[in-house]
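Reader: I am new to this structure and would like to know what stands behind the words used to describe it. Please show it to me first.

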Amino acid sequence: MELQPLKIRFYPKLKSGTTNSYCLYMRMTLSGKRTDLSTNYQLKRESWNDVEQTLNIKHPDRGYIINLTNQYRHRALEIYQKNIQRDLTSDVNEIKQKITSGTNSNEDSYPTLLKLFDRAIERKNKMSGKNNSKASIQKYKRCKSHLAQFMITIKKKNDIKCNSIDLMFIEDFELYLKTSGKCCHNSTMKYIQTFKTVFKSAIAYGWTDKDPFQKFKVRMEEVVRDFWTEKELQKLIQLKIASNALEIVRDLFVFCCFTGLAYIDLKNLSVKNIHNENGKYWIRIRRQKTNVNSNIPLLQLPLELIKKYLPEFENEDSEMKMFNVISNQKINEHLKNLAALCGVKKCLTFHIARHTFATTVTLNNDVPIESVSSMLGHKHIATTQHYAKLLCKKLGNDMDILSGKLNY
């Protein structure tokens, strides 16, 4: 559609009930429609120059009127241009209303930052299951919670308009996350990435003209992922345990060391996720975090653990959970005791089982990285490649093979 120019002219209009008392008006014309707006400046008709659109050269208020008319003209054109940028239809009466109300747009109706997060979370909830996992929704909720606490604690505000957010706000939020929020660097950067994603919708909808994230660089630090070696894992498997609670936690941890399941996926694992295909058992599950399918052939040890806790699992209700999994926090407390019993001086958390599967169990035994990536349910193979960097043993073996092929 062809854009129509906004035409503006100033003229003196006779005040009703008078014969020589005029008021200066601005007339705006757009797409065949026009409206008049009073500047509230009183003048005589003979003092106005229609050609120059201002007072006669010798009039004492000439400078004032030039400045006044320029302000009105600039204001009208600014509103019109912003409507074009936001792909909004302009109307002369709307422009007039915005000028008289002293606002560029209906900014009072624009969502504030926390309301913007509410919109994003509501949308993700409605689209749950369609590339919007529960973990993703929870991430947005946690980011909103951090922002709310940051504004109350640091900015002394309950909320803020999107067009008030600048680079300093983002940098202050980063500092808050790393100090009061007790977040590590990468967690901080992930929260800011989420903040940036939500904020971009405000730009897209025209609720702000600024993008304060343009000058903020999100930099992730490379993380050294810990894992259990084959020797440490064997010691844990063979460990004699008197406590029933510790034994269950040990079995669950070992199960995930040989399947690569994350805690939440283990908790969600049910009978329907175990498939017997031509005598070979598989775990087929959709990861909660990434909503990506994981296809994991069951090795003998994890299959024995399934039969230990649910001997007749194939005859059970398909919705029955495979294991009774306690809270992640409680499991991690028990794992620290297990590490001490094994004499392993590593900070042991349940997620290390997943790292151990990727490194010690699979990649270190020459399972192709593409297969490992599929079993782990990674969206991108680059995520899996981080584990390959840890395998000095495999690198040594690969070089031994190369050395055998070379004659020099």
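Reader: Why are F195 and F199 separated by about one helical turn?

Author: This is a predicted model. F195 and F199 both belong to helix α6 (residues 185–204) and are four residues apart there, so about one helical turn separates them.

Reader: What makes the pair of F195 and F199 edge-to-face?

Author: A pair of aromatic rings is described by the distance of the centres and the angle of the planes. The limit for the centres is 6.5 Å, and planes over 60 degrees apart count as edge-to-face. For F195 and F199 the centres are 6.4 Å apart and the planes stand at 90 degrees, so the pair is edge-to-face. F195 and F199 also belong to one aromatic cluster, with F150, F169, F173, Y176 and F213.

Reader: How do you know which kind of pair Y263 and F350 form?

Author: The ring centres of Y263 and F350 lie 6.1 Å apart and the planes are at 85 degrees, so this pair is edge-to-face. The pair links distant parts of the chain, with Y263 in helix α9 (residues 263–268) and F350 in the loop between α11 and α12 (352–362), 87 residues apart. Y263, with a relative accessible area of 14%, is buried, and F350 counts as buried at 2%.

Reader: What makes C23 count as buried or exposed?

Author: C23 has a relative accessibility of 5%, so C23 counts as buried. C23 is in strand β2 (residues 22–30). C23 and N40 are 17 residues apart in sequence, yet 6.3 Å apart in space, C-alpha to C-alpha.

Reader: How do you know that the charged end of K13 sits over the ring of Y25?

Author: The cut-off is 6 Å from the ring centre, together with 35 degrees from the ring normal. The charged end of K13 is 5.0 Å from the centre of the Y25 ring and sits over that ring. R284 lies over the face of W282, at 4.5 Å from the ring centre.

Notes. Residues numbered from 1 in each chain as written. Predicted model: local features only at pLDDT ≥ 70, side-chain atom pairs only at ≥ 80, totals over all residues. Heavy atoms only, no water. Helix = DSSP H or I, 4+ residues; strand = E, 2+ residues; numbered from the N terminus. Buried < 20%, exposed > 50% of the residue type's maximum accessible area, 1.4 Å probe, protein only. Phe/Tyr/Trp six-rings, centres within 6.5 Å; stacked < 30°, edge-to-face > 60°.
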